[in-house]
Amino acid sequence: MHATKKSEAQLGFNIQMNTLYSCYTLAIFCLIQKSSAYAYSAQYTYRIPTAFGSRTLSPTSLNMVRTGGLEIREEGATPTAGDMTLYIKAGPDGKSVGDCPFAHYVRMVLHEKKLDYTLTPSTQETKPNWLVDHYGGSMPALRHRKECYVESDVIAQYLDFFFIEPKLSPYKKKVMSEAAECTDGFFPAVARYLKHTPDGDEKDLEYKAELEGALNKIEQQLGRDDRKGNYLVGDGEHFTLLDCSLAPKLYHLSTGLRAFKDGAIDMKTEFPLVAKYMEAVFNRESFKETHYPEDTIVWGWSNARGN
């Protein structure tokens, strides 16, 4: 019994140390490639679980931590494809794919990259002990050999950095940043509106107005004169990480509006460019191969609404 616990603790520690090494490599890349299209956030920080609790580390802090005896993994500095397991929220039966849009985002990235992985839907009771003990049970969680990454953006950026083809951040930093700004606050606005009850009261109308404001920002981005293609960033010709992130959230919105709000926002009439964009991303093979039934979304939001 004690040997098993010690083994699990050591496994979790080893995963943390190897993960930290790749985060260090990623941070150095961002520091020396300041104009890279990949580094579209103003500044990167990394939330690293440690024996003393989670800490937010900057690239500089990662460098300092690395000098403290960090072991270098056997397979070298650059990860290779294979032996990936993605832990995600389970659906209502405890075994099927759940309704998490952030897990959907990661799965779309994996599909675009044509990376093989084992999908493991998990409940609170079926999560592996090392994930609970060392990462707070956070999902989605990507286990890649000796490493583990949590938080969808971190996972997506890890995959896009180390597995280049196809590149999902092909535009310059400024262009990516401008597009990312239009999605700021969008999903929190979706969540506030869909969760609120009773439907149609004064607070509900306030949340609806906030959501319409968030949708208008996306509509304006899609209506830029230099946009020629179907997608969100720049000229719209290239599918990016931001599209992978936004598509599942729009799927939740479209389903939730019908299921709970009696279609209170007519997307085709009020936000025609967003509606057309939804059609384009929902028809993307990576979306179709990774999405879950609308009933699963209704189940998730029903729980959030206390139904």
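Good morning. The structure is a predicted model, in which local features need pLDDT of at least 70 and side-chain atom pairs count only at pLDDT 80 or more, while totals for chains, interfaces and linings use all residues. Residues are numbered from 1 along each chain as its sequence is written, and side-chain values use heavy atoms, with hydrogens and water left out.

I begin with confidence. pLDDT is the predictor's confidence in each residue, from 0 to 100. Its mean over the chain is 83, and 75% of the residues reach 70 or more. Over residues 28-75, however, pLDDT stays under 50. For that segment the model has 91 contacts beyond four places in sequence, a contact being heavy atoms within 4.5 Å.

Next, the chain as a whole. Of its 307 residues, 51% count as buried; buried means under 20% relative accessible area, exposed over 50%, and partly exposed in between, with a 1.4 Å probe and protein chains only. Among contacts between residues at least 6 apart in sequence, 73% join residues at least 24 apart.

I turn to strand 3, residues 84-89. Five of its six residues are buried, so strand 3 is largely enclosed by the rest of the structure. Two strands pair if DSSP finds at least two bridges between them. Strand 3 pairs with strand 4, residues 118-122, in the parallel sense over five bridges; Thr 85 stands opposite Thr 118, and Ile 88 has Pro 121 as its bridge partner. With strand 5, residues 141-144, strand 3 pairs in the antiparallel sense over four bridges, and here Leu 86 is partnered by Leu 142.

Strand 3, helix 3 (residues 101-112) and strand 4 make a right-handed β-α-β unit. Right-handed means that, with the strands pointing away from the viewer, the path from the first strand over the helix to the second runs clockwise.

Now the largest pocket. On a 1 Å grid over the protein atoms alone, a pocket is an open set of points with protein on both sides within 12 Å along at least five of seven lines, and lining residues have an atom within 4 Å of a point. Grid points are joined across faces, edges and corners, and a volume is the space filled by probe spheres set on the points. About 450 Å³ of space lies in the largest pocket. Of the 20 residues that line it, the closest to its centre are Asp 153, Thr 183, Asp 184, Ser 245 and Lys 249.

Which helix gives the most to this lining? Helix 9 does, with four residues.

Lys 249 is found in helix 9 and, at 14% relative accessibility, counts as buried. Not counting residues up to four places away in sequence, Lys 249 touches Pro 101, Phe 102, Phe 186 and Phe 187. The C-alpha atoms of Lys 249 and Phe 187 are separated by 6.5 Å, although the two lie 62 residues apart along the chain.

Helix 5, residues 152-162, is mostly covered, with ten of its eleven residues buried. Among them are Tyr 158, Asp 160 and Phe 162.

Finally, Gly 263 lies in the loop between helix 9 and helix 10. Gly 263 counts as partly exposed because its relative accessibility is 39%. Leaving aside neighbours within four places in sequence, Gly 263 is in contact with Leu 257 and Arg 258. Thank you.

Technical notes
Helices (H or I, at least four residues) and strands (E, at least two) are DSSP runs, numbered from the N terminus. On a 1 Å grid over the protein atoms alone, a cavity is a set of points where a 1.4 Å probe fits but cannot get out, and a pocket is an open set with protein on both sides within 12 Å along at least five of seven lines; lining residues have an atom within 4 Å of a point.
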